[in-house]
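This report walks through one protein structure, part by part. Please keep the sequence and the 3D view open while reading.

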Amino acid sequence: MKIEKILFTTKFRELTFNALESLFVLKDADLKEVVLSYIIPREDVAFVPYGGYLKKEEERLREETRMKFEDWQKALSEKGVDSKIIIEVGEPVPKILSIAEREKVDLIVAGRKKRTVEKLHLGSCTLEILRRSPIPVLVNKYMVQFEWAGEIVTRINDRIFDKPLIATDWSEPSNRAFDLLLSLKNVVKEAAICHVIGEKILKGKDKSELYRLENENTERLERYCKILRNAGIKAEFHLSSGDTTSEILRIARELRASMIIVGTTGKDRLHELLPGSVSHRIADISELPTLLVP
């Protein structure tokens, strides 16, 4: 699994170009092309009461968007990365997923809704993409403000591949997420891998069973670390127990991780139809960019 082609979707919110710039480093990990995409919401140009289809408005929006994207294309070209512009009219989520399939991209990069200090929130489009995408999705969060230890902290996520934390539950999606991390060995300086033994698994276990669980998971984590080190990535592991989401977020902060990578199982994706799944909550709550791998 490599990231050779990215679909970068945007609504041109503030600092979006900075978020795009933070991905330029992937050129050293075989990135070859970025598809820049903007979806003009259908309601902006069509079915306007008494107005019919506003063709001239669509043409104006397309021209404005093309000019913005062409500036970004110059920056990508200077880095030796090819690019393509796709502007379409319609419902954003189906269009984005359709473009991703048609263009055979390896990664969708989606932004987040502008946040308040009190709470981080993903936009409804990003959440829907996370639920439905069959390919990895990176939720980029270039600048966030959040409360930590009673203070409001501003964080700039401009070096997101320096020290990723991968949270594994040993599922197939987690294994694919690990393979994706290995493919980034030329841009990742160090990495951490963690596993959280959930509260449901711990319930009712006696001391010997807990000891066995700890040993089994520690051995697995050590094997993963060895693979990372053999690939030239400095690695460490952390085993924890308790509420999975809270523990992953805690470990990420304590390690000063630059992003969180997590696999999304089919069961997890089904649960994302309702609020509360682990990957959903991490992507929604964390101040770090989050890469979800189905």
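Which residue just after α3 takes a positive phi? The residue is G80, with a phi of about 80°.

## About the model

This is a predicted model, in which local features need pLDDT of at least 70 and side-chain atom pairs count only at pLDDT 80 or more, while totals for chains, interfaces and linings use all residues. Residues are numbered from 1 along each chain as its sequence is written, and side-chain values use heavy atoms, with hydrogens and water left out.

Helices (H or I, at least four residues) and strands (E, at least two) are DSSP runs, numbered from the N terminus.

## The sheet

An open sheet is formed by 10 strands, in the order β3-β2-β1-β4-β5-β12-β11-β8-β9-β10, with mixed pairing. Two strands count as paired if DSSP finds at least two bridges between them. At the edges are β3 (82-90) and β10 (234-242), each of which pairs on one side only. From one strand to the next, the twist averages 20°. Angles here run from 0 to 180 degrees between N-to-C directions, and axes are lines fitted to C-alpha atoms, for helices over the stretch in contact.

One of the pairs joins β1 (residues 5-9) to β4 (residues 107-110), in the parallel sense and over three bridges. Within this pair, F8 has V109 of β4 as its bridge partner.

## Strand β8 and its surroundings

β8 runs parallel to β11, and four bridges join the two. A167 is bridged to V262 in β11. β8 also pairs with β9 in the parallel sense, over three bridges, and here I166 has I193 of β9 as its partner.

In a regular strand the side chains alternate between the two faces of the sheet. In β8, P164 and I166 lie on one side and L165 and A167 on the other, and all four are buried. Buried means under 20% relative accessible area, exposed means over 50%, and partly exposed is in between (1.4 Å probe, protein chains only).

Helix α6 (residues 172-183) packs on the sheet and touches β8 (164-167), β9 (190-198), β11 (259-263) and β12 (290-293). Contact means heavy atoms within 4.5 Å. The direction of α6 makes about 160° with that of β8.

## Helix α3 and the cores

Helix α3 (residues 55-78) has 24 residues. From its first C-alpha to its last, α3 reaches 35 Å, close to the 34 Å expected at 1.5 Å a residue. The expected span is 1.5 Å times one less than the number of residues. The buried residues of α3 include F69, W72 and L76. The packing partners of the buried residues in α3 are β1, α1 (16-21), β2 (33-41), α2 (42-45) and β3.

In soluble globular proteins, nonpolar side chains tend to be buried together. A nonpolar core is a set of buried Ala, Val, Leu, Ile, Met, Phe, Trp, Tyr and Cys residues joined through side-chain atoms within 4.5 Å. The largest such core here has 49 residues, and those with the most contacts inside it are I6, F8, L23, L26 and V34. Its largest share, five residues, comes from α3. Apart from this core lies another, of 21 residues, among them L97, V105, A110 and A283. V34 touches I6, F8, L20, L76, V81, D82, S83 and K84, leaving aside residues up to four places away in sequence.

## Cysteines

How many disulfides does a search of the whole structure find? The search finds zero, a disulfide being a pair of cysteine sulfur atoms within 2.5 Å. For C194, the nearest cysteine sulfur is that of C225, 11 Å away. C194 is buried, because its relative accessible area is 1%. C125 is partly exposed, with a relative accessible area of 21%.

## Positive phi and an exposed residue

Most residues other than glycine have a negative phi, and most peptide bonds are trans. D30 is not a glycine, yet has a positive phi of about 80°. D30 is in the loop between α1 and β2 and counts as partly exposed, at 32% relative accessibility. R256, also a residue other than glycine, has a positive phi near 55°. R256 is in the loop between α9 (244-254) and β11, and its relative accessible area of 65% makes it exposed.

E101 belongs to helix α4 (residues 92-103). E101 is exposed, with a relative accessible area of 65%. E101 and S133 are 32 residues apart in sequence, and their C-alpha atoms are 9.6 Å apart in space.
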